[in-house]
Amino acid sequence: MCGIVGYVGSKSADNILLNGLKRLEYRGYDSAGMAIVEDGHISTRRAKGRVTELEQILAEQPLKSTMGIAHTRWATHGKPSVKNAHPHVDASGRLALVHNGIIENHRSIRSLLEGKGIAFQSDTDTESLVQLIGYFYKESGDLTGSLQRALRDVQGTFGIALICADQPGRIIGARRGSPLIVGVGDGEFVIASDGSAIVEHTSQVIFLKDNEMVELSDGRYEISTMDAEPIQAQVDTLELTLEEIEIGSHEHYMHKEIFEQPQSLANCLAGRLDLQAGEVVLGGLSEVQREIANCKRVLLFACGTAWHAGLVGEYLFEELSFTPAEVEYSSELRYRNPIIEEGTIGIVLSQSGETADSLAALREIKRKGATVFGIVNVVGSSIARETDAGVYLHVGPEIGVASTKAFTAQVAVLTMMAIDMGRRRYLSHARAEELLKELHQIPGKVEKVLALEDQIRKITAKYVDRNNWLYLGRGVNYPVALEGALKLKEISYIHAEGMPAAEMKHGPIALIDEDMPVVVVAPKDHTYDKVLSNIEEVHTRQGRIIAIATEGDTRLSELAEEVIYVPQTSPLLSPLVTTIPLQLMAYHAALMRGQNVDKPRNLAKSVTVE
Ligand code: M6R
């Protein structure tokens, strides 16, 4: 959560920092702020709300310097307000800090420092850290040493950037549990939570690792551990282009990303399907062939939309790999005592690769001896680096807070993994070949569903005033129902519940009346007749049925108010097409209700706190 950015070089910092914040705003948008060193003192500007609010303040009261730090906040400790906005300044006014993460022992630090007469200005956990650094700095006059000492005392997670009025031209960064990347330019540096704030300045980057810090000054960088051990850092090339993070002709990133899916899926599948041989080629798993061959159980874990993809994976691994599979919420997994037997492969799914719950669960499962594979989008992210092997989604940056193209790619990767594992067991060449050919055609079929946008928008308009929706599905389309409901609630704030179609009669059916839209995902598969019975049950209670059906289906139109037809595909692959209308419905419902589609309230793109 939160985005941080810092710049030091010879250019004017304000615009670089402001643009950086705009790129990072998807990480949080409760408040924004900036600090620089000018004429030997720290100057800050802070605003509640979006980066544009800060921009207005800066237009009236500019900050002029060739260095500075900035922050966009997703509030955890302390409500969104100017006083809680970063950067936070210590009691001496000489230090300013931006922070992404949580200082867990902030209360004890605060009471210790308050006992020494230091007056706090905010309700945040972050202020305890800058006050602690300031307290040590006042004693020693050694900035780096004071930071190292303070970081030894704090518990929790942080990605930070620190500046000091006594040392203009210098930024110190450090990380533990929250991402931090240093862009290395020609005599200048941009330090940020992710590459989107860096890419327009340089593609040369250093991904800081946990417990590392970096000092940027005089056109040089020095990386060390927090115990001052020097580190020879590797400079990587950022796999991100400016075009990928521009919104283009779309009104919203979510719309752009929904419409990118034919291409993003094609990119995800590219070079990975050997149609002739009926085989899958996953380079990222080439070193772990023995583990895959010996796998006895698959343990998938993730959060939110990625968890829904994991649930599809459960069906895929059982069906195609003949291997027991279960999906678990990352946040629950780490607090249980999961039994990891020999032959367990963990698979963690995460678009961002930075989700704190998934990262913590990954460490716990590895500690217990499992081999863990990652299905991650962001290259070089923490989860990608800490897993034993993995498969990248290759769908380009996903910026809209509501995940769309990452979900379909996660399902595509899980399908390939399950086929790959299945071919070492009982999955026949013929069946694998048939599935791979189908998979190859999916981007074209997604394109056809996208062409239905106008119809989907009109259907959505008829029901957008209803405040409670149900989503039903069976088998692999049960997770699609969950995902459809999540999309609707997170961006339009309409209450929606997804569930297995048959579960409805065990309670939720009591909710159904003529006001309730019931979205039923009902493609032609082995559950179709049963779903039809569930639809009858809804119909009898006058629920408003919106069915997602396979092209050529003639029965559903007799019962449903609305039918959206998607192209026929192999039943196991159907989530890749049935999901698309639900994404579009949620998008249009949110627009019609006047909500901010890309930046829904209370949410942030990557949840880097537990
Ligand atoms: O980056 P991750 O895939 O690990 O994120 C997991 C969830 O936070 C994420 O999918 C969230 O549920 C989205 N807002 C859903 O649209």
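This is a predicted model: local features need pLDDT of at least 70, side-chain atom pairs count only at pLDDT 80 or more; totals for chains, interfaces and linings use all residues.
Visitor: Which kind of pair do Phe189 and Tyr221 form?
Guide: Their ring centres are 6.1 Å apart. Their planes meet at 90 degrees. Planes over 60 degrees apart count as edge-to-face. The pair is therefore edge-to-face.

Visitor: How many residues apart are Phe189 and Tyr221?
Guide: Phe189 sits in strand 10 (residues 189–192) and Tyr221 in strand 13 (residues 220–225). The pair links distant parts of the chain, with a separation of 32 residues.

Visitor: Is Phe189 buried or exposed?
Guide: Phe189 has 3% relative accessibility. Buried means under 20%. Phe189 therefore counts as buried.

Visitor: What is the relative accessible area of Tyr221?
Guide: Tyr221 is partly exposed. That class lies between the buried limit, under 20%, and the exposed limit, over 50%. For Tyr221 the value is 29%.

Visitor: Which kind of pair do Trp307 and Tyr329 form?
Guide: Their ring centres are 4.2 Å apart. Their planes are at 10 degrees, and planes under 30 degrees apart count as stacked. The pair is therefore stacked.

Visitor: How many residues apart are Trp307 and Tyr329?
Guide: Trp307 lies in helix 10 (residues 304–321) and Tyr329 in strand 19 (residues 325–329). This pair, too, links distant parts of the chain. The separation is 22 residues.

Visitor: Is Trp307 buried or exposed?
Guide: The relative accessible area of Trp307 is 9%. The buried class takes values under 20%. Trp307 is therefore buried.

Visitor: How far apart in space are Leu180 and Phe207?
Guide: Leu180 is in the loop between strand 8 (170–176) and strand 9 (181–184). With a relative accessible area of 1%, Leu180 is buried. Its contacts beyond four places in sequence include Ile4, Ile160, Ile191 and Phe207. Leu180 and Phe207 are 27 residues apart in sequence, yet C-alpha to C-alpha the distance is 6.5 Å.

Visitor: Which elements do the buried residues of helix 8 pack against?
Guide: In helix 8 (residues 261–269), the buried residues are Gln261, Pro262, Ser264, Leu265, Cys268 and Leu269. Their packing partners are helix 7 (253–259), strand 16 (273–274), helix 14 (405–423), helix 15 (429–450) and helix 20 (575–592).

Visitor: What is the phi of Gly271?
Guide: Gly271 follows helix 8. Its phi is positive, near 75 degrees.

Visitor: What is omega for the peptide bond between His86 and Pro87?
Guide: Pro87 lies in the loop between strand 4 (67–73) and strand 5 (88–89). The bond joining His86 and Pro87 is cis, with omega about -5 degrees.

Visitor: What is the phi of Asp218?
Guide: Asp218 is in the loop between strand 12 (212–217) and strand 13. Asp218 is exposed, with a relative accessible area of 67%. Asp218 is not a glycine, but its phi is positive, near 50 degrees.

Visitor: What is the phi of Tyr493?
Guide: The loop between helix 17 (477–492) and strand 24 (495–500) holds Tyr493. Tyr493 is partly exposed at 22% relative accessible area. Tyr493 is not a glycine either, yet its phi is positive, about 65 degrees.

Visitor: Which residues does Arg431 touch, not counting those up to four places away in sequence?
Guide: Arg431 lies in helix 15. Its relative accessible area is 28%, so Arg431 is partly exposed. Arg431 and Leu320 are 111 residues apart in sequence and 9.3 Å apart C-alpha to C-alpha. The residues touched are Leu320 and Leu572.

Visitor: What is the radius of gyration of the protein?
Guide: The secondary structure comes to 20 helices and 27 strands. Buried residues make up 61% of the 610 residues. A compact globule of 610 residues would have a radius of gyration near 25 Å. The protein agrees with this, at 25 Å.

Notes
Residues are numbered from 1 along each chain as its sequence is written. Side-chain values use heavy atoms; hydrogens and water are left out. Helices (H or I, at least four residues) and strands (E, at least two) are DSSP runs, numbered from the N terminus. The radius of gyration is taken over C-alpha atoms; the globule rule is 2.2 Å times the number of residues to the power 0.38. Buried means under 20% relative accessible area, exposed over 50%, partly exposed in between (1.4 Å probe, protein chains only). Rings of Phe, Tyr and Trp (its six-membered ring) pair if their centres lie within 6.5 Å; planes under 30 degrees apart count as stacked, over 60 as edge-to-face and the rest as tilted. Contact means heavy atoms within 4.5 Å.
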